[in-house]
Amino acid sequence: MSWNRGGHGLPLLPGYTFPDVTRSAFHRPQTLTYSRGYALAPRATVGIGQDPLPSEQLIQQQISELSFETPDVTYGSFDRGTVEDFIPAHVALDKKVLRYYAYFRENILFCSEEEFRVRPVVIHYFLEDNSMCVMEPKVENSALPQGKRIKRQRLPKNEPGEHYHWKDLNVGMDLEVYGITYHITQCDTFTKEFLESEGIVLNQPEPTPVDPFSERRQNPRPSFTTASGSDKMHQFLTLDRKVLRFFALWDDTDHPNGETRPVTIQYHLVDDTVEINEVYKRNCGRFPFPALMRRLKLPKKTEASGNFPSCVLEVSTAEVEEYYSPKDFRVGQSITLLGRRFLLYDCDGFTKDYYQKNHPDLEMKPFEVPKKKDPLQGRRKAPPYNGFGSPEDSLQNCFSLIPTPPKKNVLKMLENEHKVLCYRAKLDSQHPGDENRRFVLSYFLSDDMISIFEKPTRGIIGGKFLKKTRIAKPGSTVDDPEFYSPADFAIGATVEVFSHRFVLTEADHNVLQYLESNASRIPLQTLDSLRQKLLGVGTANSQPADHNGGDVAAEPSS
């Protein structure tokens, strides 16, 4: 071990170090330990033989000089400025896409009319992950597989495996991807501003060359062949998915059990075919097959048509002299199709516009069809109440095979929950033993039900006299019952409950507050009787109230 190698300024070279002959400890410090079951290698704090490390021999002054020394010569001055928040690329560049417009040429083989086609595409570059996708705009009736040509991915740039970057793209350049060369013609506004902000100079936009095939289709070459009666290709290109729809009535009253049924007649302009569908109403009882006649061309005049009876299983095209056309369908008139008579009474908006534009001489006269009266409407009467359950529950058996509970006024139940009007009553009976019986009549505002509780008195065991139920007024019918309401409960009024007569003698103060808050629906006589009893205030000819809690009606002495 060298001795005093740093104190004398000698270089660390052979011959310049001197061993310490007095040293007797040469063991290395322990640097392998276990903590919570894991092997750790802590930093050594002493050297071989417990000698202090050179870093520990620095005095405090030297440590202070090293910590506050500014290395201006080597690294320049260190200016600790404001540190901006780090924003990752997937957040800063999220939903930011560069869009380029390009085209590629597709060679056409074995065709004498054209050599190539120009197919425009749109290239999307996603700044978030440097991925790209190529989309081709769809053209209707092009008969070409268009749409997504290359799904979103990182496109290879060359054989070593590099990928295209947004710095490699510019207007006017060729982009070769998977053997197809796309020529970029222009870009959108966002792409232009982004590239210019990054210091990239964009080239001038170029026009997309004209596709010879599309130009030839728009301007067809003159044909010297004899024109046929109808151009099927022109009819398909101009009238595809255009349908005339008529609303008609099928008069089938000539047959036994026949009737007039509503139908829709659809005339397809693309191939002059007609189809007829029935219009079913809900619960009409018919099979769910509305197709009355499948889509076909209807012959109007054939060689076999005439007064002489004939039987034809199938009419060929050569035998048909004339088919039905849009001129034969007129709103407001009848038409016979395959031996069935139909009355056209209306049509949709597209059909009206078509006739005004192409056949203005045809007069359309739509009219309203009178609604059929339900023959069973007058016969539907509810059976009489059988006495089981409430009338509302029994009536549900007439509406469906599986009866459901009658609907309740949920809003009323929520607003008047736990609101009860309490009255004191006595029994109006000819029996002498019923004179001292006293009752509490409770009216529940949530469901308009009444319950009666009897107070225990001498010789009489109290308890529930009547559970919660709706009480009908005397004289009301079973089919149209009229139930008791708070407007009928005046002091001194008689309430008849299942052949028992109760006379109201007193009420709670909450009853008066509730009736005054709904005074528009309560008779004045009921309010005056409650005010006279509870407050001692009434009409001019009213008697003063008994402030000792006695009843208004005189009670016989016991």
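1. Contact here means heavy atoms within 4.5 Å. Helices (H or I, at least four residues) and strands (E, at least two) are DSSP runs, numbered from the N terminus. The model is predicted, and local features need pLDDT of at least 70, side-chain atom pairs count only at pLDDT 80 or more, while totals for chains, interfaces and linings use all residues. Residues are numbered from 1 along each chain as its sequence is written, and side-chain values use heavy atoms, with hydrogens and water left out.

2. Start with helix 10. What covers its buried residues includes strand 19 (420–427), strand 24 (500–507) and helix 11 (524–534). Those buried residues, in a helix that spans 509–517, are Val511, Leu512 and Leu515. Buried means under 20% relative accessible area, exposed over 50%, and partly exposed in between (1.4 Å probe, protein chains only). Seen down the axis of helix 10, the buried residues fall within an arc of 95 degrees, so they line one face of the helix. The arc is that of the directions from the helix axis to the C-beta atoms. Gln513 and Ser517 are exposed on the other side of helix 10.

3. Six of its eight residues are buried, so strand 24 is largely enclosed by the rest of the structure. Strand 24 runs antiparallel to strand 19, joined to it by five bridges. Two strands count as paired if DSSP finds at least two bridges between them. Lys426 has Val503 of strand 24 as its bridge partner.

4. Strand 23 (residues 494–497) is also antiparallel to strand 24, with four bridges. Val497 is partnered there with His500 of strand 24. The two strands form a hairpin with two residues between them. In the turn, Phe498 has a positive phi of about 50 degrees.

5. Six strands take the order 14-13-12-11-18-17, and their pairing is antiparallel. Strand 14 (291–296) and strand 17 (334–337) are the edge strands, each pairing on one side only. Neighbouring strands of this sheet are turned by 35 degrees against each other on average, direction ignored. Axes are lines fitted to C-alpha atoms, for helices over the stretch in contact, and angles run from 0 to 180 degrees between N-to-C directions.

6. Within that sheet, five bridges connect strand 11 (residues 243–251) with strand 18 (residues 340–347). Phe247 stands opposite Asp346 in strand 18. Helix 7 (residues 349–358) lies across strand 11 and strand 18, at about 110 degrees to strand 11.

7. What follows helix 7? His359 sits in the loop between helix 7 and helix 8 (391–395). Is His359 buried or exposed? His359 is buried, with a relative accessible area of 12%. Leaving aside neighbours within four places in sequence, its contacts are Pro326, Lys327 and Tyr354.

8. Another open sheet of six strands has the order 8-7-6-5-10-9, with antiparallel pairing. Its edge strands are strand 8 (147–153) and strand 9 (174–177), and each pairs on one side only. From one strand to the next the twist averages 30 degrees. Strand 5 (residues 97–107) and strand 6 (residues 116–126) pair over 11 bridges. Tyr100 stands opposite Ile123 in strand 6. Helix 4 packs on the sheet, touching strand 5 and strand 10 (180–187). The direction of helix 4 makes about 115 degrees with that of strand 5.

9. Pro205 belongs to the loop between helix 4 (189–197) and helix 5 (212–218). Pro205 is exposed, with a relative accessible area of 52%. Not counting residues up to four places away in sequence, Pro205 touches Val171, Thr185 and Gln186. Pro205 and Thr185 are 20 residues apart along the chain, yet their C-alpha atoms are separated by 5.6 Å.

10. Last, the second largest pocket. About 700 Å³ of space lies in it. On a 1 Å grid over the protein atoms alone, a pocket is an open set of points where a 1.4 Å probe fits, with protein on both sides within 12 Å along at least five of seven lines; lining residues have an atom within 4 Å of a point. Grid points are joined across faces, edges and corners, and a volume is the space filled by probe spheres set on the points. Of the 24 lining residues, the closest to the centre of this pocket are Phe213, Ser214, Arg216, Arg217 and Gln218. Strand 6, helix 5 and helix 6 (232–239) each give two or more residues to the lining. Helix 5 provides the largest share, five residues.
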